Amino acid sequence: MKIATSLARMEDEASVEASSVPIGTVTSTNPTATVTSPSTAMISSTKFDEAFYPGRRLTATIFKGCLWVHVREYNDLNGKSYPTKKGASFTPGRLRVFRSMMDKIDTVLRQQEVNGSYGVDLGGGVMLKEHLGGGIYATVCEAFHGVTLRRHWMPPDGNGSIVPTKNGIYLPASQWESLKAKMDALLAACPELVNPGHCSDTHYNQMAMLECRECTPFGWLSL
Ligand SMILES: [Zn+2]
């Protein structure tokens, strides 16, 4: 109940004005206090914030001058909701990659339905694993009818193996559909996400691609 109220309030705030003040600062009833100082606006402001499932939100926030999109779970504490580690963060370019993968992800999820393969332990086979950027992968596994968005990393002593971190979120197919349904509203609120540039646009040779932390975070080909 508290989550719903809190989300409704935040959605109201987000829809009032794209340059709304950061969440958490709109607590005063004094009208003069709601004026955003330029310095505060530069640190953080919310351009989009909608729940795609109770306690799970799609948000767009400007942080230190850069736009970030988050797919994230929130915890409710004392009437306020706080972001958790369960989630994934996207630069505009990374979101472009993510959106370009959505059809492919849908195809695999449909394939699961046709096969009736999910829920059956087939050894945890990975049906889809796509790097979205910065070590974040979208994966679909045989045993689960849904999509996982998760950051991976390469432990220094792991012989070059790439392993999942705790920073990630599993979206059952129904939540995946709800998330996709929010994309148009997100793009309407943030037109700069419609056709953003991507760092790969300026990687004119393979070396530039290999040196890019976004595209090649683990330096695969240098091993
Ligand atoms: Zn790159």
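**View 1. Strands β2 and β3 pair in the antiparallel sense in this predicted model.** Strand β2 covers residues 56-63, and strand β3 covers residues 66-77. Eight bridges join β2 to β3. Strands of a sheet pair through backbone hydrogen bonds.

**View 2. The hairpin of β1 and β2 has two residues between its strands.** Gly55 takes a positive phi near 85° in this hairpin. Strands β1 and β2 pair in the antiparallel sense, over eight bridges. Tyr53 stands opposite Arg56 in β2.

**View 3. Four strands form an open sheet in the order β1-β2-β3-β4.** The pairing is antiparallel. The edges are β1 (44-53) and β4 (80-90). Each edge strand has a single partner strand, so one side of each is left without a neighbour in the sheet. From one strand to the next, the twist averages 35°.

**View 4. Helix α4 lies across β1, β2 and β3.** The helix spans residues 173-181. Helix α4 runs at about 140° to β1.

**View 5. Gly116 sits in the loop between α3 and β5.** Helix α3 covers 92-115, and strand β5 covers 126-133. Is Gly116 buried or exposed? Gly116 is exposed, because 9 other C-beta atoms lie within 10 Å, and a residue counts as exposed at 12 or fewer. The C-alpha atoms of Gly116 and Glu142 are separated by 9.7 Å. Along the chain, Gly116 and Glu142 are 26 residues apart.

Methods
Residues numbered from 1 in each chain as written. Predicted model: local features only at pLDDT ≥ 70, side-chain atom pairs only at ≥ 80, totals over all residues. Pairing = 2+ DSSP bridges. Axes fitted to C-alpha atoms, helices over the stretch in contact; angles between N-to-C directions. Contact = placed C-beta atoms within 7 Å. Buried ≥ 20, exposed ≤ 12 C-beta atoms within 10 Å, placed from the backbone.
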